[in-house]
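Here is a short briefing on helix packing and chain contact. Please look over the sequence and the structure first.

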Amino acid sequence: MSKYYVNKFLYQVDADPDLLAAYKADPEALLARWEESYGTRLGTKHTIERTTWLEFTTAERRALIEHDYVALFEIGAHFFLCLTIYIALYDDDYAERSGPLAFQREYAARLSHWLGKDYPTVAL
Amino acid sequence: MATLSAVLATTHHPFFLKATELTPPEDRIPQAAEWKSKVEAYRATLTAAEPDLLVMVGSDHFHQFFADNYPTFLIGKQPRYDATFYNEEREFSIPKYVLEGHEEFSGYMFQGLLDRGFDFSISHELKIDHSIICPIITTRPEADLPVVPIYTNIFAPPLPSPKRFWDLGRAIRSIIDEWPGTQRVAAIGSGHLSLELGGPRQFGETGPDPVFDRKAIDWLASGDIEAILENVTMESMSAAGNATHGFLDLILMMGIAGPEKAAYVDELDLFHTREMYMTWYPAGDPRAEVAA
């Protein structure tokens with residue numbers, strides 16, 4: 001499991017309009033592109049230096065490809081990164097269809113089985 | 001010697017500008033007018049203090065800094081600071097700013113913190129996010145004063161303790177008091193009351209824990225650090241909402257003010273948070289002087 005690597009994906013894709021559009025259009029292709037071109041770069045700013053040992057689990061890869069923010073919450077991906085990136089992907093469409101905050105409220109409802117419980121930690 | 005003319009502790013709501021100005025009047029939320037009026041009244045508490053220089057306390061929300069290298073405490077030391085990231089413009093419609101810095105005071109603050117046992121990180125290429133720009137927009141929209149930005153980690157756990165935030169506030173206060181400049185300094189910090197983001201209690205009709213909010217405002221307003229240190233833990237903040245840890249920066253601001261009663265306290269129940277606006281006047285209440 002690499003919560004760190006999941007967070008790194010969310011962080012980099014959310015901060016780049018090109019990657020973000022690609023993540024909306026074809027998540028599987030973008031994930032492969034990110035792993036090849038971004039994920040193994042050292043940190044988030046280097047272009048030459050590499051990190052050789054980071055990789056996703058099958059469950060993490062599936063959750064990212066399926067935009068499955070419930071699974072990501074349960075993995076312990078950072079709540080702010082998850083919320084921000086999926087708002088970017090879905091908020092406008094939901095708001096147009098169902099009014100302001102419709103996406104955010106559905107997001108909360110899909111996590112309602114966690115009400116009253118300790119959430120999975122986002123600590124690394 | 002410098003004068004600490006005001007200490008402001010406030011929640012930062014990134015949608016303030018969008019909700020109260022950028023959205024056409026007919027599409028605004030019902031609370032928009034009241035929200036704007038409360039913010040303008042709060043702004044007057046800073047204006048009355050006639051500050052020349054702002055010590056700003058905030059926290060990077062994974063904008064410039066990420067978990068490959070996330071500083072616990074960091075200060076900027078630069079002649080100028082860019083502000084507002086692409087994804088903040090995208091989501092919140094926050095404009096870009098360039099704020100003047102004050103390298104000499106940043107350096108003095110950095111050395112003073114090291115001397116007091118706070119081993120800060122320092123950045124010479126810091127870009128400021130909404131934790132600092134939101135209070136600029138609300139309390140000093142002219143964005144015309146030099147700033148000394150201080151970042152804390154309230155965001156990427158494990159976090160320093162509430163006591164550490166209080167002690168850091170006390171240290172910052174003593175450094176401001178010793179600064180040999182003649183400026184009138186105001187310290188402005190932003191954080192949160194109970195808050196949930198990306199969890200099942202997000203975007204409800206109120207903040208996730210109105211009971212915590214009531215206590216938190218009362219503790220801060222009365223300067224009751226004992227009650228805070230007795231009641232506020234990482235676990236109690238998590239129980240109040242998964243992003244409630246921004247309250248730590250409000251504790252820090254009370255540390256700058258000291259265990260004193262606040263001069264100005266206001267709040268607003270919004271659709272998913274309670275907003276709080278609090279001001280202390282360590283050098284005396286300038287509004288009282290005007291009234292007299």
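A:E35 sits in helix 3 of chain A (helices are DSSP runs of H or I with at least four residues, strands are runs of E with at least two, both numbered from the N terminus). The model is predicted: local features need pLDDT of at least 70, side-chain atom pairs count only at pLDDT 80 or more, and totals for chains, interfaces and linings use all residues. Residues are numbered from 1 along each chain as its sequence is written, while chains are lettered from A and ligands numbered from 1 in the order in which they are written.

**A:E35**
- A:E35 counts as partly exposed because it has 16 C-beta neighbours inside 10 Å (buried means 20 or more other C-beta atoms within 10 Å of the residue's own, exposed means 12 or fewer, partly exposed is in between, and C-beta atoms are placed from the backbone).
- A:E35 and A:F56 are 21 residues apart in sequence, and their C-alpha atoms are 9.3 Å apart in space.

**Helix packing in chain A**
- The axes of helix 1 and helix 3 (residues 27-39) of chain A come within 11 Å and cross at roughly 90 degrees (axes are lines fitted to C-alpha atoms, for helices over the stretch in contact, and angles run from 0 to 180 degrees between N-to-C directions).
- Helix 1 of chain A and helix 3 of chain A are therefore roughly perpendicular (65 to 115 degrees).
- A:Y5, A:K8, A:F9, A:Q12 and A:V13 of helix 1 of chain A meet A:W34, A:Y38 and A:G39 of helix 3 of chain A (contact means C-beta atoms, placed from the backbone, within 7 Å).
- For helix 1 (residues 3-14) and helix 2 (residues 17-25) of chain A, the axes come within 6 Å and cross at roughly 115 degrees.
- That contact involves A:Q12, A:V13 and A:D14 of helix 1 of chain A, with A:L19, A:L20 and A:Y23 of helix 2 of chain A.

**Helix 2 of chain B**
- Helix 2 of chain B (residues 32-47) has 16 residues and reaches 22 Å from first C-alpha to last, close to the 22 Å expected at 1.5 Å a residue (1.5 Å times one less than the number of residues).
- Its buried residues are B:W35, B:V39, B:Y42, B:T45 and B:L46.
- Seen down the axis of helix 2 of chain B, the buried residues fall within an arc of 100 degrees, so they line one face (the arc is that of the directions from the helix axis to the C-beta atoms).
- On the other side of helix 2 of chain B, B:A33, B:S37 and B:A41 are exposed.

**Between the chains**
- Contacts link 21 residues of chain B with 30 residues of chain A.

Methods: Contact = placed C-beta atoms within 7 Å. Parallel < 35°, antiparallel > 145°, perpendicular 65-115°, else oblique.
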